[in-house]
Amino acid sequence: MLPYIIAGEVAFWALLLGGFSIRYLLRWRSISTVLLTLTPVVDLAIITLTYIDLGRGAPSDFSHGLAAFYVGFSVTFGPEIIRHFDRRFAKKYTGLPEDQLPVVPERSSMQYWLRCLVAVSITIGLLGIGIAVVGFADSFWLLYWIISAAFTALMWGVIGPLRDHLRTQRAGK
């Protein structure tokens, strides 16, 4: 399963970088839009392969949980990553003034934490489906990833505000 996750990550970045390279270097917007639209298909393929693997009787392992975690966070944060790259490519290759570049929203730590909670919810939902497929008796790693997802949300809620506080202190000095 781990090779599929790695291949999915490589495919995501290839579609992302290829899509923006085609858009801004070759000026082929329609083809770049198709490539960028395919990025969620990578997530769908990863989670589908995970469930197929589990459905064929494979015992759940670390990589099955990792796949759900990856997809949960990719679905939640992927569109914003794409917007950041769009802005960077546009800034570098178009010469547009700042106010005409693609917009990337500014978010507070609280807003990112709420997005993290969405990602964790998706992850736990996907893990729950995996548990339903494999059965509770063979779901140790899926349960492990539920705990990991919950801990991620907890730590994000602590570290984000702490980071903001430290940044504010440094900016004030």
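Predicted model: local features only at pLDDT ≥ 70, side-chain atom pairs only at ≥ 80, totals over all residues.
Residues are numbered from 1 along each chain as its sequence is written, and side-chain values use heavy atoms, with hydrogens and water left out. Local features need pLDDT of at least 70 and side-chain atom pairs count only at pLDDT 80 or more, whereas totals for chains, interfaces and linings use all residues.

A search of the whole structure finds 18 aromatic pairs, where rings of Phe, Tyr and Trp (its six-membered ring) pair if their centres lie within 6.5 Å; planes under 30 degrees apart count as stacked, over 60 as edge-to-face and the rest as tilted. One of these pairs joins Phe12 and Trp13, whose ring centres are 5.2 Å apart and whose planes stand at 85 degrees, so the pair is edge-to-face. Phe12 has 6% relative accessibility and therefore counts as buried, while Trp13, at 29%, is partly exposed; buried means under 20% relative accessible area, exposed over 50%, and partly exposed in between (1.4 Å probe, protein chains only).

Phe20 and Tyr24 form a stacked pair, with 6.3 Å from centre to centre and 25 degrees between the planes. Both residues lie in helix H1 (residues 2–24), four residues apart, about one turn of the helix; helices (H or I, at least four residues) and strands (E, at least two) are DSSP runs, numbered from the N terminus. Phe20 and Tyr24 are both buried. Elsewhere, ring pairs link a cluster whose members include Phe62, Phe69, Tyr112, Trp141 and Trp156.

Charged side chains form the second topic. The whole structure contains six salt bridges, each a side-chain nitrogen of Lys or Arg within 4 Å of a carboxyl oxygen of Asp or Glu. One of them joins Arg23 and Asp86, with the closest N and O atoms 3.8 Å apart. Arg23 belongs to helix H1 and Asp86 to helix H4 (residues 62–94), so this pair ties together parts that are 63 residues apart in sequence. Arg23 and Asp86 are both buried.

Glu80 and Arg115 meet in a salt bridge at 3.6 Å, N to O. Because Glu80 lies in helix H4 and Arg115 in helix H5 (residues 109–134), the pair ties together parts 35 residues apart in sequence. Glu80 is buried at 3% relative accessibility, and Arg115 is buried at 18%. Salt bridges also link Glu80, Arg107 and Arg115 in a network.

Finally, Arg87 and Glu98 form a salt bridge at 2.3 Å, N to O. Arg87 is partly exposed at 22% relative accessibility, and Glu98 is partly exposed at 47%.
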